[in-house]
Amino acid sequence: SIRLAADWLTRQRTSEGDFEYGREPSLDVPLADNAPIRQAGAAAALAQAASYLHDDSLSGAAADVLRTLIAKHTKEQEGGGRRPSAPRHSGHPLGLAALLVLGIGELDSAPAPLLAARRELAEYLLLRQRADGSFNLTPSEDPADDDGEDDLAAIAYYPGEAMYALARGSWGDDALDERCTESV
């Protein structure tokens, strides 16, 4: 069943490099709502299946989708680092970053640019973490903006994904490894 699901996901890739989100059957057109966070979750699942099945072609497909998502839905910050840039209605930035980190982490031999993006997105997750271990889920897109007003709907999902992404990390960077270990 893992093989069937992974093969189905690879067949759902579009010419743009992501997945077809669904179709409007009466019109036979793609659905308009194409949430990057759902794309990232599917890419992470494909990467995990590739790792489990030891399948280089699935791993390559997952890497291609992750590369596309990073190019389309993240941006580099001044002074280094990377942060999600997808609109809030398409998924919380914390969840999007966590799923991209998890997906890249599943790849057996991720290319260097994906590993660099993974580290930069992990830095974003650490920036969003407060001193008490909770995550800043304010409506602002600015990680420095912590007005204490969390996005209540996001509290149910995204801190767990972020914590899991940080805990799963093996970053190849002693300072980042230590910061992630301290954060979890």
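Predicted model: local features only at pLDDT ≥ 70, side-chain atom pairs only at ≥ 80, totals over all residues.
Next, show the side chains where the two helices meet. On the α2 side, pick Pro36, Gln39, Ala40, Ala43, Leu46, Ala47, Ala50 and Leu53. Their partners in α3 are Leu58, Ser59, Ala61, Ala62, Val65, Leu66, Leu69 and His73. Sorted by class, this contact holds 13 nonpolar, three polar and no charged residues.

Now widen the selection to the largest nonpolar core, which has 48 residues. Leu46, Leu100, Leu107, Leu114 and Leu125 are those with the most contacts inside this core. Two or more residues each come from α1 (2-11), α2 (36-53), α3 (56-73), α4 (93-106), α5 (112-128), α7 (158-168) and α8 (174-183). The element that gives the most is α4, with nine residues.

Centre on Leu114. Setting aside neighbours within four places in sequence, Leu114 is in contact with Ala63, Leu66, Arg67, Ile70, Ile104 and Leu107.

The last stop is Arg118, in helix α5. Is Arg118 buried or exposed? Its relative accessibility is 8%, so Arg118 counts as buried. Display what Arg118 touches, leaving out residues up to four places away in sequence: Val101, Ile104, Gly105, Arg168, Gly169, Ser170 and Trp171.

Notes: Residues numbered from 1 in each chain as written. Heavy atoms only, no water. Core = buried A, V, L, I, M, F, W, Y, C linked by side-chain atoms within 4.5 Å. Buried < 20%, exposed > 50% of the residue type's maximum accessible area, 1.4 Å probe, protein only. Helix = DSSP H or I, 4+ residues; strand = E, 2+ residues; numbered from the N terminus. Contact = heavy atoms within 4.5 Å. Nonpolar A, V, L, I, M, F, W, Y, C, P; charged D, E, K, R; others polar.
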